Amino acid sequence: MQERQKDRARYFRELAQTSEKYFIPYLSGFFRPGHGMNVLEIGCGEGGNLLPLARMGCTVTGVDLAVGKIDNARTFFAEAGAEGTFIASDIFQVKELEAAFDLIICHDVLEHIGDKRRFMADLKKYLRPGGLVFMAFPAWQMPFGGHQQICRSRVLSRLPFFHLLPKPLYRFMLKAGGEEDFRIRELMEIKDTRLPIELFERLVRQEQIEIVDRRLWFINPHYEVKFGLRPRLLWPLISKVPYVRDFFSTSCFYMLKLPS
């Protein structure tokens, strides 16, 4: 497992840096974040993405299934002198939310969800009229689309593309690499809920959701703080080729407008 996966305070700071430098400028192309704006992040983790928005005056709310991550979010926000509301709940069961948000953020979340169609349909329950959704996810076929960076094995956590192996062989490699049963289950679940670009866009069409903007990244903006790599968009020609583009898209940004 890479060290940043263990050091959650560091991971929080890194996400906040990426959010401030790349997510917010992207979002600012569609509206101006600031006072009076309500922002919801689903699958917020420790809340790093929300910190810069809170500092800009937005009212931020984060929901995550992991109680420990929500506890960390409250602690990290308090230490940063920022305000935010954090709810430990399954988004399918949460009861505290209303249609009060101008923006919903789903960053590296949808690829973990089994019932994607229900998830997308439910988003409109939380949006104000005219609100937008910022959706970002790694294409399944990209080198680390299986989230193998969470492996405890230093070799497996740095081994690209092996998540694309047939399930029996993938499971065998994880077990042979010394991964614990709970980690193998988590990685196999991600393989089951994988999200290629084509599946996502088909789902969007089925739900009559408008794609306001799409931006495919060859080098994920978050890789700058993680690995010192300069972010780079995928070449326009490749971005138009279905299935081929999935192997090169380390992050996919979408701005979505839901049907009223």
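**Pocket, cavity and helix packing**

The second largest pocket is lined by Lys124, Leu127, Arg128, Pro129, Gly130, Gly131, Lys257, Leu258, Pro259 and Ser260, a pocket being an open set of points on a 1 Å grid over the protein atoms alone with protein on both sides within 12 Å along at least five of seven lines, and lining residues having an atom within 4 Å of a point. The model is predicted, with local features requiring pLDDT of at least 70 and side-chain atom pairs pLDDT 80 or more, whereas totals for chains, interfaces and linings use all residues. Residues are numbered from 1 along each chain, and side-chain values use heavy atoms, without hydrogens and water.

About 160 Å³ of space lies in this second largest pocket, and strand S5 (residues 127–137) supplies the largest share of its lining, five residues.

A search of the whole structure finds one cavity of 30 Å³ or more, a cavity being a set of points where a 1.4 Å probe fits but cannot get out. Its lining comprises Ile42, Ile91, Phe92, Phe119, Asp122, Leu123 and Tyr126.

The axes of helix H6 (residues 167–176) and helix H7 (residues 181–192), lines fitted to C-alpha atoms over the stretch in contact, come within 10 Å and cross at roughly 150°; the two helices are therefore roughly antiparallel to each other, a term for angles over 145 degrees. In this arrangement, Lys167, Tyr170, Arg171, Leu174 and Lys175 of H6 meet Asp181, Ile184, Leu187, Met188, Lys191 and Asp192 of H7, where contact means heavy atoms within 4.5 Å.

Key:
Axes fitted to C-alpha atoms, helices over the stretch in contact; angles between N-to-C directions. Helix = DSSP H or I, 4+ residues; strand = E, 2+ residues; numbered from the N terminus. Parallel < 35°, antiparallel > 145°, perpendicular 65-115°, else oblique. Points joined across faces, edges and corners; volume = space filled by probe spheres on them.
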